[in-house]
Amino acid sequence: MAKYRIFYVATATSKPGKGSEAANWWREKGQAYFESFPGVKSLQALATQFSLGGEYAYEFWFEIEDYAVLDRWDAAMDNEPEKYGPRWVEYMELFESGPSRLVGDWPESRLLE
């Protein structure tokens, strides 16, 4: 059985006046926090270039094990609020979340094949 990479891509921008604080939080706490979510294989935080991200300046590319990971994230937040809740509140105080999407390199996702 072939394995394909799947990414959950979340977008965000820092809240007004919180840009430096948000960047520091990401480096000091955020990256490790989100990498600790169940089923996260890797995580890249990227700044959009040339304002092509619209109002959302950041993209967070989570490589995930499978689609069921999204349900496991919800369960982790519900079942382990002491682990996931406080950092989530910090994130929400610093960032405004935007749209998210799932992308991958499975054959059915290729338009020209």
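**Strand 1 and its surroundings**

Tutor: In this predicted model, strand 4 (residues 95-104) pairs with strand 1 in the antiparallel sense over 8 bridges.

Student: What makes strand 1 and strand 4 count as a pair?

Tutor: The cut-off is at least two bridges between the strands. Strand 1 and strand 4 have 8, so by that cut-off they pair.

Student: Why is T13 called buried?

Tutor: Buried means under 20% relative accessible area. T13 has 19% relative accessibility, so it counts as buried.

Student: Which residues is T13 in contact with, leaving aside its neighbours within four places in sequence?

Tutor: T13, which lies in strand 1, is in contact with E55, Y56, A57, Y58, L94, F95 and E96.

Student: Why is strand 1 described as largely enclosed?

Tutor: Of the 9 residues in strand 1 (residues 6-14), 8 are buried, so the rest of the structure largely encloses it.

Student: Which residues of helix 1 are buried, and what covers them?

Tutor: The buried residues of helix 1 (residues 19-35) are A22, W25, W26, G30, Y33 and F34. Their cover includes strand 1, strand 3 and strand 4, along with strand 2, helix 2 and helix 3.

Student: Where does helix 1 bend, and by how much?

Tutor: Helix 1 bends at W26, by about 55 degrees. W26 is also one of the buried residues of helix 1.

Conventions. Residues numbered from 1 in each chain as written. Predicted model: local features only at pLDDT ≥ 70, side-chain atom pairs only at ≥ 80, totals over all residues. Heavy atoms only, no water. Buried < 20%, exposed > 50% of the residue type's maximum accessible area, 1.4 Å probe, protein only. Helix = DSSP H or I, 4+ residues; strand = E, 2+ residues; numbered from the N terminus. Contact = heavy atoms within 4.5 Å. Bend = angle between axes of the 7 residues up to and from the residue.
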